[in-house]
Structure formats: C-alpha cells, structure tokens
Amino acid sequence: WGGSVLNLGTEKHRDKYFDGIDNLDYPGCFAMTELHHGSNVQGLQTTATFDPVTDEFIIDTPNDGAIKWWIGNAAVHGKFATVFAKLILPTHDSRKVSDMGVHAFIVPIRDLNTLQTLPGIEIHDCGHKVGLNGVDNGALRFRSVRIPRDNLLNRFGNVSQDGKYTSSLPTINKRFAAMLGELVGGRVGLAYASVGFLKISVTIAVRYSLLRQQFGPPEQPEVSILDYQSQQHKLMPMLASSYAFHFATQYLVQKYSEMKKMHDEQLVADVHALSAGLKAYVTSYTAKSLSTCREACGGHGYAAVNRLGSLRNDHDIFQTFEGDNTVLMQQVAADLLKQYKDKFQGGTLSVTWNYLRESMNTYLSQPNPIIARWESADHLRDPKFQLDAFRYRTSRLLQSVAARLRKHSKTLGTFGAWNRCLNHLLLLAESHTESVILAKFIEAVHNCPDASSRAALKLVCDLYALDHIWNDIGTYRNVDYVAPNKAKAIHKLTEYLCFQVKNIAGELVDGFDLPASVTRAPIAMQSEAYAQYTHHI
C-alpha cells in the first residue's frame, strides 16, 4: 500500500499520505487481485468511471468475478486501499466511453476514527488459510463508490477536470509495464525473505542432525545421523544453496537500490528480469527444502514447537504471491529471447546477460572432446569449468528454443508456439538464473578477505556447482559436453564434497548468525536441546 502510493503517485499524494503511512495512522491495502484474475492483471474487471459533472471517479465491482480477493489488511485493519481498476472515460462519439487500461486509485474503505466500513463498500474475511493466518486477507466489493479525481495515482497517466487523458507514455501497454515495473520491490523483498526461511530451516535440520545419534558399528557408540551419507545428500547441497542464494539476493538488493537512485533504463530492465528469476527460483527451491528438512528431522520435526511445519506453511504462498513463479519464469525467458534477438541485431546486452554476447559462439561450437574427458579434481573444482558448464547449458537452451519458436509460430501463431515450447522456456529461465547465482557465489569466494573462510566458502561453492551439474548430467551427456568417465568423476567428487562440507556444517550454520530468538526450535538449541524440548512439551 505504501509502496504503491510512493511509486505510482505524485507529490500531492506523498504530501497527503506519507506521514500517516509511515507512522501507521493510515494502514492500507494493495487491492489488485480479483476472484477471476490474478496473474493476468490486464484482465481485471473493476472499473473507475470518470464523472466530469462532479469531478469524481466512480469505483464499481461489475460482477462477482471482479470482487477484490486475498487483499492483505482488508479484513480488519485497512483504512485505505490502492484499487487497481480499468479507467473509463466518457467520449463524445458513438462509443460513449473509452477504456484507458488499468490504473491505480486511492479508495478510503473505513472511517479513520471508528473503523466502520464506509458506504458502498462490502468487506469479508477470506477465511482460514494454509499459513500466515496472522494476516487479515479480505475480499472487497464496491458499489458506486465515489472518490475525488485527485485520488488517481497519476505518475504515468492523468485526467483533467474536463475528462482529457494525458500521459508521457504513448500506449496502454507501455503505461501498464511502467506501472507494474514500479512494484518490483515486493519481489526483491520476497526473494531475500525466502532465503531467511531457508537459513532457519537448514540451521534447525543441521543442528538436530549433529545432535541426534542412531545406530553404529557393533559394540561401538551410536553415530550422529549427519554421518550417514543419505542425510548428507539431503542437507549439504541445501546448505550450499543457502550460501549461494545469500550472495545472489544480496546482489539483487544492491542492484535494486542502485536502480531506485539512478533510474537508468538498462538497469531497470536488468533488475526486473533478475528479481523475477530469483524470486521464482529461490522460493520454489525453499518450499521443497522445507519439506526435506521436516523429513530429515524425523518424528521430532513434526512437533509444532520445532517450527518446520509452520515455516513450511507460512512460506508456501511465496511461490504464488507477488507473481506466480511459473509466470515470472516466463518473463525471464521472454527477456532472454529479446536479448538474443538484440544480440544478432547488434544491440547492447544488459549487465547480467553479458556472458551471452561474450560466449554464445564459443558455447555453441562442438564441445572439445579432450576437455570432455578431463576428470581431475583440480579441473572439476575450477570455477571456469563450472561456470562454463552452466552457461553452455543456458546458451544451448536459448538457441534451441528460439529455433523451435520460429518453426512453430508459422503454424500455431505466437501464443500457440509459446505454449508448445513452455516447458523448454521454463528450463531456459531456470538455467539462466542458476548461472547468475553461481557467478555471484564465485565472485563472493574470490572477494573473501580471510583465507580459511575463503577455503570453506570455496568448498561450499564447488558442492553447489557440481551438484547442479550432476543433477542435469543427462543434458551434458546428450551433447558429449561430458564424457562417461567425467560424469562418474563428477558424481564421486560431489559425494566427497558433501562429506567435507558435513565436517564444517555446524560452523557454516553458525555463520548465518541467527539468534536463538529467531531460530526458536528446541531441537536446534546449542545446549540441552532435548531438555528444552521436553520442557516445552
């Protein structure tokens, strides 16, 4: 709500609302999603019709499908809503009205003092959810609610008193893109927050796995369950990913901050695609990992007090709010294809995509049969080999999907061709995002000033890279990028690195520096964990 007023409004809105938003006198909500439309924002049906006689907009919910749904803060506390609606202007021709596309409007929904619902507005709670039940998600219906013309958030488009529309952007699509582009901060925040969930759950699972002892050699003491290869296989790549995501999302926040200061067009495009890719990739990975951590902690992981269930449920929605992950990954793929096209028309590439320009030709020539057979640990742990492998896969996927889209669009049209290639496009976006994450991790290792910390980070980075290569070994084998002996060596080294990372796993989770008040799970306490657990129960 606050971000929408600041980013989509102009000075008059900031003057009127900023202090109240900042000190929480004006709690509000962001009313975009409707019962029938979530991802397809241009399909929203709520209308805001301008009445030149009274100089007001009339906000209407034309049918049940247009009820605003899942609106956070609406059910109990919101006093205002930023309502996204189609702007309808009267015309003096046979059409009678003109639809100017989706715009944002400030609509008061409750009395500022009594919190009573205002006339023409109907509010309901959306009911019990899988998680995040502390958030009062609600449904909003508007029946001819009148608001002053000044309540249009008019940074990208304005309406004068006589109903004339003006904008610095020439088309509905351009205005729509600019409006949504300003809301990218939510994705940046979610990617970063999701890493927080991952760090907490990995910390709980690793500390418990170091504490818990089960079985052992005959007549010998029982061993820690983290000594079992199967437990290492579950948790060590996840621990490596937590570190990888930490550096990648830190980079994203830094880029976002630069973007807000500089407003450079190239940087804006880069942050949009990067935030979409990282939000989708990180939250999907974390959602799966939370279930794995629960399972890795056995029966005690199922106790509510040990938090893995509530973390999993609260995080689950991260995959679909602020942009559905499958839709966001398609945005990344579309951007890659645009960059690919620009490259062959001599255009410049934005920062994150530079490697495509530098190396497309190298990556798409036949793999070197000699290098394909190299299997020494030094070679496999060389960051150049790792990053080349990730980028080779991305370049290959990009070239092949571009060719498929070209072929299918002749018979199926653009939409049909896109749908025919959709899984291929999602793989491309995922592969590119992984390349960016690895590049940032390698950079962080290189820049680490302390030698022993750098060695530990290098170990974790190698595990992250080689585990990903091994998980998609079929792709590399199919094109002879990796010979059979090399594939075997990668698998063997990945298992060895899991074992090596296990030896410093306690220190690595301590490195997250999470206070006990944040971790909170008794089984993750560093002293007397069982005693604290039984005490809680």
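This is a predicted model: local features need pLDDT of at least 70, side-chain atom pairs count only at pLDDT 80 or more; totals for chains, interfaces and linings use all residues.
## Basis

Local features need pLDDT of at least 70, side-chain atom pairs count only at pLDDT 80 or more, and totals for chains, interfaces and linings use all residues. Residues are numbered from 1 along each chain as its sequence is written, and side-chain values use heavy atoms, with hydrogens and water left out.

Helices (H or I, at least four residues) and strands (E, at least two) are DSSP runs, numbered from the N terminus.

## Helix 4 and helix 7

Helix 4 (residues 185-211) packs on helix 7 (residues 308-316) at an angle of about 160°, and their axes are 11 Å apart. Axes are lines fitted to C-alpha atoms, for helices over the stretch in contact; angles run from 0 to 180 degrees between N-to-C directions. The pair is therefore roughly antiparallel (over 145 degrees; under 35 is roughly parallel, 65 to 115 roughly perpendicular, the rest oblique). The crossing is left-handed, meaning that the near helix is turned anticlockwise from the far one by less than a right angle; clockwise would be right-handed.

From helix 4, Ser 194, Phe 197, Ile 200, Ser 201 and Ile 204 meet Leu 308, Leu 311, Asp 314 and His 315 of helix 7. Contact means heavy atoms within 4.5 Å. By class, this contact has five nonpolar, three polar and one charged residue. Nonpolar covers Ala, Val, Leu, Ile, Met, Phe, Trp, Tyr, Cys and Pro; charged covers Asp, Glu, Lys and Arg; the others, Gly among them, are polar.

## Helix 12 and its partners

Helix 11 (residues 383-420) and helix 12 have axes that come within 8 Å and cross at roughly 155°. Helix 11 is therefore roughly antiparallel to helix 12. Their crossing is left-handed. The contact holds 15 nonpolar, eight polar and five charged residues.

Helix 5 also meets helix 12, with axes that come within 8 Å and cross at roughly 90°. That angle makes helix 5 roughly perpendicular to helix 12. On the helix 5 side are Ala 240, Tyr 243, Ala 244, Phe 245, Phe 247, Ala 248 and Tyr 251; on the helix 12 side, Ile 437, Lys 440, Phe 441 and Ala 444. The classes are 10 nonpolar, no polar and one charged.

## Second largest pocket

The second largest pocket holds about 660 Å³ of space. On a 1 Å grid over the protein atoms alone, a pocket is an open set of points with protein on both sides within 12 Å along at least five of seven lines; a cavity is a set where a 1.4 Å probe fits but cannot get out; lining residues have an atom within 4 Å of a point. Grid points are joined across faces, edges and corners, and a volume is the space filled by probe spheres set on the points.

Of its 24 lining residues, Tyr 281, Tyr 285, Lys 288, Glu 434 and His 468 are the closest to the centre. Helix 6 gives the most to the lining, with seven residues. The lining has eight nonpolar, nine polar and seven charged residues.

## Cavities

There are two cavities of 30 Å³ or more. Strand 6 (97-108) and helix 3 (172-181) each supply at least two lining residues. The lining divides into eight nonpolar, two polar and two charged residues.
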